[in-house]
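This report goes through one structure part by part. Look at the sequence and the model before reading on.

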Amino acid sequence: MTDTLHLEIVSPERLLKDAEVAMVVVPGTDGDFGAMPAHAPMMSTIRPGIIEIYETESGEPEKLFVKSGLAQISDTGLTILAEEMIDLDGVDTTELAAGITEAQGAVNAASDDMARDQAEAELEWRRVLSEIVS
Amino acid sequence: MASLKDLKNRISSVKSTQKITKAMKMVAASKLRRAQEAAEAARPYAERMETVLAGLSSSAQDTPGSSPLLIGTGKQDVHLVIVATSERGLCGGFNTNIVKAAKLHIEELLANGKTVKILCIGKKGYAVIRRDHGDRIIDLKDLSAVKRLAFADAQPIAHEVLAMFERGEFDVASLFYAKFQSVLVQVPTNQQLIPAPIAETDDDAADALGGATYEYEPDEASILDDLLPRNVATQIYRGLLENAASEQGSRMTAMDNATRNAGEMIDSLTITYNRTRQANITKELIEIISGAEAL
């Protein structure tokens, strides 16, 4: 049994992270869950939120914001498929606020369910992000 | 017979053309490297997506009420053909090959009495397809402003395709692009996007997930519903990346040939030039000698 968890974060553009870590906290759709070594196999969708990566059990976590994605825990480790990651330090709050207003407008203007769903998803991650940043 | 001056002009013009093609070849070579790197970097995501999907879909396939993105609408009447080509020309047979493959497919569908809708990505393919199937083209996606292809470029296209599917505007969607094999070989490929093709070896797919029993949060169906639309975007993105690499590879080969041809042309023109020059000198000498003899 290994005492570290193999973590892989992949985006469509590249492999973002490939590391051995102690614990990862993932914002699952049904609630946050912590993945530690030898976790039972599971699969979960991810809601907008922070992924916390603990390289050591007592250390400070590395934080990454994800918009959406899929987490898969198997025998080989934790794999996170995420389309977009945002660096928390690089967030422009004014731009974000403008994005929220715009997304809100898109939700109101949406003509069918599909467009509304999309607009709502856009709005959702911006809201969560702005809460975290402020 | 062309005069000496004409020949000289011709040679210098071919020389400057050769310089241009040589430069284009080098630019294409460096762009190709970048495009290949991008295609390579995108591979892990697509591969993992595939394993997860294959594992999930093999179990969901028989379940009624599965997403139509997986099992289809039950009809095959309206086909959406997405043709991805380049924005720029001078890349050998790249666009022609893709368009040829797409046209063949379209004509076959039409012969079988299906309705065909065409979505063009890249204006080079659009220009050719418009001639025969202009009324079937529903949209042209212009990516000429895009310098470095990002996932964000593929996403809006995928959203649009999905929205159309949701509105029931087509039953089957396929994507035409050129798969990059090597600098010399690019294979025009027809990839079905909707319904998602299911890996034939279902047993292997289940094994790929480790054979373990997974716990699903929220549940299998919702994960699948979440994943399938994203898979469409991933596939389009992947196709566009392959296309970008193929385009540069094809251009590199084409420009290499052009440079070589220009070299040959310069050689043969130079020989003609020298022959003409010699002939002129001989002619002048004869004139002088015969003039002297006449005195």
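How many bridges join strand 5 of chain A to strand 6 of chain B? The model, which is predicted, has 3 bridges between strand 5 of chain A and strand 6 (residues 215-217) of chain B, and the two strands run parallel. A:Ser44 has B:Glu217 as its bridge partner in strand 6 of chain B.

**Where the chains touch**

The contact between the chains involves 25 residues of chain A and 28 residues of chain B. On the side of chain A that touches chain B, strand 5 (42-46), strand 8 (69-74), strand 9 (77-82) and helix 2 (113-133) each supply at least two residues. Strand 5 of chain A gives the largest share, 4 residues.

**The two domains of chain A**

Chain A is divided into domain 1 (5-86) and domain 2 (91-133). Their centres, taken over C-alpha atoms, are separated by 24 Å. Contact between them involves 6 residues of domain 1 and 6 residues of domain 2. The table lists two touching sides by residue class.

| Side | Nonpolar | Polar | Charged |
|---|---|---|---|
| Side of domain 1 of chain A that touches domain 2 of chain A | 4 residues | 1 residue | 1 residue |

In soluble globular proteins, nonpolar side chains tend to be buried together. Here the largest nonpolar core has 91 residues, and those with the most contacts inside it are A:Val24, B:Ile82, B:Val83, B:Phe176 and B:Ile236. Helix 8 (residues 220-294) of chain B gives the most to this core, 15 residues.

**Helix 5 of chain B**

In helix 5 (residues 123-133) of chain B, the buried residues are B:Lys124, B:Gly125, B:Tyr126 and B:Ile129. Their cover includes strand 1 (78-84), helix 4 (94-111), strand 2 (115-121) and strand 3 (137-141) of chain B.

**One residue of helix 8**

B:Asn261 is found in helix 8 of chain B. Why is B:Asn261 classed as partly exposed? B:Asn261 has 14 other C-beta atoms within 10 Å, whereas a buried residue has 20 or more and an exposed one 12 or fewer. The C-alpha atoms of B:Asn261 and B:Ala41 are separated by 36 Å, and the two residues lie 220 residues apart along the chain.

Terms used:
Residues numbered from 1 in each chain as written. Chains lettered and ligands numbered in written order. Predicted model: local features only at pLDDT ≥ 70, side-chain atom pairs only at ≥ 80, totals over all residues. Core = buried A, V, L, I, M, F, W, Y, C linked by C-beta atoms within 7 Å. Contact = placed C-beta atoms within 7 Å. Pairing = 2+ DSSP bridges. Domains from an automatic or database assignment. Nonpolar A, V, L, I, M, F, W, Y, C, P; charged D, E, K, R; others polar.
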